[in-house]
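Please keep the sequence and the coordinates at hand.

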Amino acid sequence: MPRFLAGLLAAGGLVWSTGAWAVEISISCSSLGKEYEICKQGVDAWAKKTGNTVKIVSTPNSATERLALYQQLLAAGASDVDVFQIDVVWTGLLGSHLQDLTAKVQGAIDDHLPTMVETSRVGGKLMAMPWFADAGLLYYRQDLLDKYKRPVPQTWSDLTETARLVQEGERKEGRGDFWGFVWQGRAYEGLTTNAVEWVSSYNGGAIVDEKGEITIDNPKAAEALKAAAGWVGTITPEGVLNYTEEESRGVFQAGNALFMRNWPYAWALAQGADSTIKDKVGIAPLPKGGQDGRHAGTLGGQLLAVSKYSKNTDTAADLVMYLTGPEEQKRRGIQGSFNPTIVSLYGDNDIARANPFIGDLVDVFTNAVARPATVTGDNYNKVSTEFFNTVHQVLSKRAEPAQALSRLDRDLKRIKRSGW
Amino acid sequence: MKILARIGFWLLVLMIAMFSLFPFYYAVISSFRSGTELFSVAYLPERFDLVNYLAVFQRQPFGRNILNSIAVAGSVVALSLALGITAAYAFGRISFRGRSLLLFTILGVSMFPQVAVLSGMFELIRSFGLYNTIPGLILANLMLTMPFTIWVLTTFMRELPKEIEEAAFVDGATPWIVVRRVFLPLMAPAAVTTGLLAFIVSWNEFLFALTFTLTNEQRTVPPAIALMTGSTAYELPWGAIMAASVIVTLPIIALVLVFQRRIVAGITAGAVKG
Amino acid sequence: MSDAVAGRITPASARRRRSSLSRSRVRAAWLFIAPPLIVLGLVAGWPLARTIWFSFTDANLNNLREYEFIGFENYLANYDGEWLGLLTDPDWWRSVWNTVWFALVSVSIETVLGMLVALILNAAFPGRGIMRAIILIPWAIPTVVSAKMWNWMLHDQFGVINDMLLRIGLISAPITWTASPDTALWTVVMVDVWKTTPFIALLILAALQMLPQDIYEAARVDGIHPIRVFFRVTLPLIRPALLVAVIFRALDALRVFDLIYVLTANSRDTMSMSVYARQQLVDFQEVGLGSAASTLIFLIIALLVVVTMTVGRLRFGEDAR
């Protein structure tokens with residue numbers, strides 16, 4: 001019924017707005033569930049306001065499949081989709097098919113998190129608008145930390161020690177399948193995000209620096225990887241080498257792990273009515289590499305971009321501006337716990353009431369590490385693939401960190417050749 | 001001794017059934033569960049909760065998706081068999097120059113990885129104006145099923161005794177009549193089997209179906225299932241996916257039960273003696 | 001029967017009749033194979049030709065309109081004394097080896113198992129209709145779903161397979177099925193066997209069903225042992241059908257993609273040729289290199305098929321029959 005009403009209203013709007021420039025825009029946002037509902041409400045509101053109609057196109061849940069579909073559509077110059085929801089690491093990759101939004105956006109971009117804005121630019125031009133932010137977080141079991149009288153770990157060595165202690169204690173009490181720390185170790189993009197967190201928390205950089213220099217072959221990075229490889233089989237199950245987000249949440253939410261690295265989405269689920277660990281969970285920034293290290297969560301999140309092949313680029317850009325604007329981001333923050341990219345919204349009382357931990361997140365997002373997607377552009381996927389394969393080898397103890405990294409350095413230089 | 005053999009036989013049947021069925025059984029159990037429950041092991045259903053089944057149909061036009069799949073797979077099978085049987089007769093019963101080469105060329109079509117032909121096929125479908133339509137999917141799927149159908153039917157055709165058609169030809173029948181009156185009935189088990197296998201290939205096809213459709217209403221079942229998401233980006237709606245898998249397996253089971261008589265009710269010894 | 005026919009008409013008129021008959025039959029043959037050839041040419045011709053053409057260019061997914069012909073550089077090229085290209089990439093050769101190993105092991109197991117299942121289904125016993133449906137279930141569940149399902153069941157911590165084996169006492173600690181490089185490929189083989197044995201079983205069953213029953217009657221009357229009958233009579237008779245089933249299964253196994261992709265993603269330890277090609281084509285946007293990989297896959301598969309057909313003595317030559 002609401003959909004019918006909205007359709008009626010949109011049709012009415014079509015008649016009113018002189019017909020000539022009322023157009024249909026199609027947007028790809030998440031296909032189902034809460035995310036879809038919230039996206040739908042947002043675009044309907046815009047449609048009502050402007051008299052245009054909006055069609056939502058469902059895309060695959062898996063990021064790799066979604067990217068493949070986008071590339072297929074864009075490579076063929078198809079005008080079927082006007083507005084794309086893209087991952088923060090895709091801007092460089094898809095940039096040549098996207099509409100430059102610099103002139104359209106102008107000053108409005110300064111309100112957004114600088115880290116998110118950086119991921120939206122290609123060669124100084126704004127090719128997308130930040131929509132919502134994500135970053136890696138440490139989830140911990142408050143009840144178990146209390147039981148063993150341990151604080152929330154500040155460094156990775158604290159975490160290792162606490163995890164070992166609690167794991168031993170719990171196993172003595174007969175919980176043979178209890179583990180200290182779970183994360184994402186499968187050979188996929190997720191491992192890159194995890195490993196970038198370790199490396200940069202040790203001040204080992206983020207594979208490639210802003211100038212495009214390859215920085216990964218350094219002792220700090222080797223130290224970070226060595227520490228991580230030490231977890232596998234001791235505080236972390238070996239199976240983690242094939243875990244994605246949901247597999248690690250499975251272990252944690254069943255109450256079988258003390259710590260977990262995951263995105264903010266896991267919070268609402270861990271606090272769900274049927275969760276075995278409801279009200280026993282806390283979140284914190286990921287630990288530092290050492291006393292002189294830093295808290296580093298890898299930046300995730302989604303952007304909205306306009307296809308160059310759209311027949312209505314200007315109207316499509318209007319829709320993007322509306323959806324990424326403060327009003328809509330606030331609504332999304334309250335109703336769907338999507339973390340805003342507009343900095344001032346983190347001080348907003350309504351959002352804080354709906355998401356008590358949002359105040360802590362602003363620091364995490366501000367200090368989040370971006371993967372080197374913008375600087376490596378077209379080659380980002382190659383860099384990331386080389387990186388996660390190297391890390392995967394170190395983790396499964398088939399390579400020594402230092403040698404593996406110098407090999408990686410050589411391979412990356414070959415990819416780079418004269419420039420990215 | 002005889003009893004032992006009987007017991008052994010049934011044990012074997014039981015083991016094969018278990019091996020085939022267990023994952024499906026586990027899917028059925030999982031489809032009744034939700035949330036955190038899914039992260040634990042269960043061997044027996046704890047309750048009979050249809051909430052996931054309802055969700056499958058409420059959250060997307062899943063009934064429409066099933067109909068699309070039936071339309072695509074049905075048309076693909078009909079076309080493949082119609083073109084396949086006549087071609088198989090030509091390849092299997094008539095010797096002409098270039099036969100082996102042609103057969104091998106047809107087989108060659110099945111030697112390219114699907115992902116390699118994807119973008120060429122995408123262009124083709126768009127240029128025919130068949131993007132986001134059911135006929136587009138039918139056309140694309142023909143590429144997957146035709147080589148297989150032609151080859152299997154040709155093989156079976158060749159195995160039939162030579163005398164079968166000679167009588168008919170002497171009586172002045174045209175090749176077309178020979179195919180229809182003589183070979184079609186004899187080929188029933190092979191045709192039903194190949195048709196069934198081709199149906200499932202097309203029913204399960206994912207990559208083309210995902211790439212060549214854009215709207216939920218035009219999608220077939222596999223992309224529809226793959227597109228199911230939880231309430232947030234990383235969450236997997238496991239219960240709903242399992243429920244959907246159970247639903248889409250049922251038509252196939254029904255199909256097998258309907259056609260299984262034809263799989264075995266093939267030629268009897270008398271039919272070949274002539 | 002042909003003797004009876006020859007008896008009715010004179011040799012000369014028979015020859016005349018046969019040659020005109022054979023000419024009209026050849027015409028009919030071309031008429032019959034034209035439609036499928038046209039359809040296949042239409043559907044497959046352009047995409048395949050395009051792939052081969054792109055393998056000689058530096059095309060990139062970002063801009064498919066502008067590219068240059070670069071000869072064999074995607075395959076093998078020498079830049080400043082350094083050999084580059086697909087043929088020098090250790091990851092490519094690794095994926096070739098993985099795929100061939102996978103195809104060999106899984107298809108062998110599937111053939112033996114499929115034969116067993118087909119023989120059982122060919123026997124008359126109560127409930128065999130139900131059994132036939134049960135057998136087909138693994139093949140009927142879409143791979144995208146069943147691969148994810150197995151991933152879940154094989155989870156080292158909360159997966160049902162480990163739980164079951166632990167309860168029976170077959171293992172003492174959970175096995176990390178898909179995570180450990182030692183077990184990952186075997187795990188993929190196991191899931192593949194589960195999924196595709198029905199395919200071979202059903203084709204063999206159809207072949208068994210088309211065998212003339214009188215041979216078996218005769219064998220039974222003569223008191224020949226069933227195992228001997230199987231190897232001496234059944235196997236030779238169903239060989240062509242068996243071989244075609246094996247070839248098509250091998251074609252699929254050599255192009256294996258979604259199973260490996262869902263179970264172990266882009267891990268180098270289990271990467272197949274198709275996963276490699278997809279990575280180049282889609283993830284890395286290198287349409288040229290990816291097409292070159294696809295073309296090589298085609299050549300490798302063609303070679304293996306020719307070898308299989310020669311070894312299996314499957315012929316469709318003009319002289320046969």
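The questions that follow concern a predicted model, and they move from chain A to chain B and then to chain C.

Q: How far apart do the C-alpha centres of domain 1 of chain A and domain 2 of chain A lie?
A: The domain assignment of chain A gives domain 1 as 2–9 + 17–134 + 299–366 and domain 2 as 137–297 + 377–416. Between the C-alpha centres of domain 1 of chain A and domain 2 of chain A, the separation is 30 Å.

Q: How many residues does domain 2 of chain A give to the contact with domain 1 of chain A?
A: On the side of domain 1 of chain A that touches domain 2 of chain A, the residues divide into five nonpolar, four polar and one charged. Domain 1 of chain A contributes 10 residues to this contact, and the number from domain 2 of chain A is 13.

Q: Which strands of the open five-stranded sheet of chain A have one side left without a neighbour in the sheet, and why?
A: The strands of this open sheet in chain A run in the order β2-β1-β3-β11-β6, with mixed pairing, and the twist averages 20° from one strand to the next. Two strands of chain A stand at the edges and have a single partner strand each, so one side of each lacks a neighbour in the sheet; these are β2 (53–57) and β6 (129–135).

Q: Which residue of β2(A) is the bridge partner of A:Ile25?
A: Strand β1 (residues 24–28) of chain A pairs with β2(A) in the parallel sense, over five bridges. In β2(A), the residue that partners A:Ile25 is A:Val54.

Q: Which helix of chain A packs on the sheet and touches β1, β2, β3, β6 and β11 of chain A?
A: The helix in question spans residues 313–323 of chain A, and its direction makes about 150° with that of β11(A). The strands of chain A that it touches are β1, β2, β3 (83–87), β6 and β11 (299–306), and the helix is α13.

Q: Which helix of chain B gives the most to the side of chain B that touches chain C?
A: The contact draws 90 residues from chain B and 80 residues from chain C. By class, the chain B side has 66 nonpolar, 18 polar and six charged residues. With 13 residues, the element that gives the most to this side is helix α6 (residues 134–159) of chain B.

Q: At what angle do the axes of α3 and α11 of chain C cross?
A: Residues of α3(C), including C:Trp92 and C:Val96, meet C:Met273, C:Val275 and C:Tyr276 in α11(C). By class, this contact has five nonpolar, two polar and one charged residues. The axes of helix α3 (residues 90–122) and helix α11 (residues 273–283) of chain C come within 8 Å, and the crossing angle is roughly 145°.

Q: What radius of gyration does chain C have?
A: The C-alpha trace of chain C spans about 80 × 60 × 30 Å along its principal axes. A compact globule of 321 residues would have a radius of gyration near 20 Å, but for chain C the value is 25 Å.

Definitions and conventions
Residues are numbered from 1 along each chain as its sequence is written. Chains are lettered from A and ligands numbered from 1 in the order in which they are written. This is a predicted model: local features need pLDDT of at least 70, side-chain atom pairs count only at pLDDT 80 or more; totals for chains, interfaces and linings use all residues. Domain bounds come from an automatic or database domain assignment. Two residues are in contact if their C-beta atoms, placed from the backbone, lie within 7 Å. Ala, Val, Leu, Ile, Met, Phe, Trp, Tyr, Cys and Pro count as nonpolar, Asp, Glu, Lys and Arg as charged, and the others, Gly among them, as polar. Helices (H or I, at least four residues) and strands (E, at least two) are DSSP runs, numbered from the N terminus. Two strands pair if DSSP finds at least two bridges between them. Axes are lines fitted to C-alpha atoms, for helices over the stretch in contact, and angles run from 0 to 180 degrees between N-to-C directions. The radius of gyration is taken over C-alpha atoms; the globule rule is 2.2 Å times the number of residues to the power 0.38.
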